[in-house]
Amino acid sequence: MTEDVQKHSVHTLVFRSLKRTHDMFVSDQAKSVALDDESYKVKMDVKLKADYGAVLHMPVLKEGKDRVSQLPGSIQGHQSYTQPGDDPDYLITGTHAYPSGPGVALTSDTKMHRNPSEGGVYSMALTLPPSQARQDASRTAASVADIHRHAGGAERSHPMSSSVSLLEGGGTRNSALMRKAPTMPKPQWHPPWKLFRVISGHLGWVRSIAVEPGNQWFVTGSADRTIKIWDLASGKLKLSLTGHISTVRGVAVSSRSPYLFSCGEDKQVKCWDLEYNKVIRHYHGHLSAVYDIDLHPTIDVLVTCSRDASARVWDIRTKANVHTLTGHTNTVATVRCQAAEPQIITGSHDSTIRLWDLIAGKTRATLTNHKKSVRTIVMHPRQYTFASGSADNVKQWMFPDGNFIQNLSGHNAIINTLAVNSDGVLVSGADNGTIHMWDWRTGYNFQRIHAAVQPGSLDSESGIFACMFDHSESRLITAEADKTIKVYKEDDTATEESHPINWKPEIMKRKRF
């Protein structure tokens, strides 16, 4: 072995080492693959047929017909868009679509209609003078875009670059290609919320909240390892439960039995009998801290999620681990249950949301739109929708497949908790102690609150870890880092005149990712 090494000079060995290093670092692995035009065209053709094949044969929409009929007569009568020598892509039986209007008679001339050719669409756009295009920008844009959208398959697969160059000559590039963005609908007016009560008693960060079904009391779990039960009306302490040996991260009160469930960073999941105020069951299985807990509304099932990147489904009575829901690649921070499919929703620090099939114990859908850790999920009490909170955005989704609805941007902090009531008030609480109030339907941020920390606490101790509406939805309870519980309520004296909506019908900034 020594002889083999001595055969090579030091210069050769250094050169080889340099070559290895060069080969390792010279290739740019992050560089995206160049787009192949032909494969992209094939892909778009396949996608077009797969997604819109069922409606490609349909005539132009009524709205499009009306807009086309408003064009000048010289354009409507332009001969180049019905070239007699070409074979039609397909035929439409019925009322003639270009131009058209209500009550056009079905005659031998209008019975058979052929679509405009590719050249006809562009020549039709170019015949419009630039000055008139600027005057009638919105009308022209709609008509040309509609014609292009409802033309044959050849026009649909045509690359956009050629249409840009063609339309630039006529001065109608912006008007013809830019579809008018939708404007934000006016949000519903909500009265502002104000601080009503501050409850002290915990000796550590308050991490979790649950309100009992009768709306008489509520439960909090804290970093001081205790669970405290408070009277909702007066805010007075009713009971303290000790048993956890680390931070209590989640609490849930059953509506089907006199049980309270809790989980914590000590890996334990406990069932408390509130008639005896003691632990009657332990659910063993998680390998790390348990971060959240939720009860199924209609069956005796408990779901927990943990830092071990899994969620577990437990039979409440037998303590059996029915399912271990694996698939997340990082801490699962939040879990929610509902009676309808999907029955379990989880959010994780791997920045994904998973919708689970409870019967099979498998993932139904994975939502990857978030760029940062998903720490909280809330379901709308009346609609079949839910929202998720992360450091990048609050996002709204539609069940059952998790279709994206809209982004709620503006709460620029790590969002730890969300709550929503039947009136469409969405609350987001963040690590920096700020609370934002949103109108659920429009995503309008109508109020921002930053309550002062408890005297004696540091200003940095103003994080909000949990928030929840009581069952009357007239009070909002928050659990905070200054060891207090704050209760907010609506300002009864506020009116829409005294607190108008500072709303501007600006263009919506809804990102589709």
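1. Which helix is Leu18 found in? Leu18 sits in helix α2, residues 10-26 (helices are DSSP runs of H or I with at least four residues, strands are runs of E with at least two, and both are numbered from the N terminus).

2. A quick word on the model: it is predicted, so local features need pLDDT of at least 70 and side-chain atom pairs count only at pLDDT 80 or more, while totals for chains, interfaces and linings use all residues. Residues are numbered from 1 along each chain as its sequence is written, and side-chain values use heavy atoms, with hydrogens and water left out.

3. Back to Leu18: at 55% relative accessibility, Leu18 counts as exposed (buried means under 20% relative accessible area, exposed over 50%, partly exposed in between, with a 1.4 Å probe and protein chains only).

4. Now the salt bridges (a side-chain nitrogen of Lys or Arg within 4 Å of a carboxyl oxygen of Asp or Glu). The structure holds twelve of them. In one, Arg249 pairs with Glu265, and their closest N and O atoms are 2.8 Å apart. This pair links distant parts of the chain, 16 residues apart: Arg249 is in strand β8 (residues 248-253), Glu265 in the loop between β9 (259-264) and β10 (269-273). Arg249 is buried at 16% relative accessible area, whereas Glu265 is partly exposed at 29%.

5. Arg364 and Glu341 also meet in a salt bridge, at 3.5 Å from N to O. Arg364 lies in strand β19 (residues 362-367) and Glu341 in the loop between β16 (332-337) and β17 (344-348), so the pair ties together parts 23 residues apart in sequence.

6. Another salt bridge joins Arg475 and Asp470 (3.1 Å, N to O), and both residues are buried.
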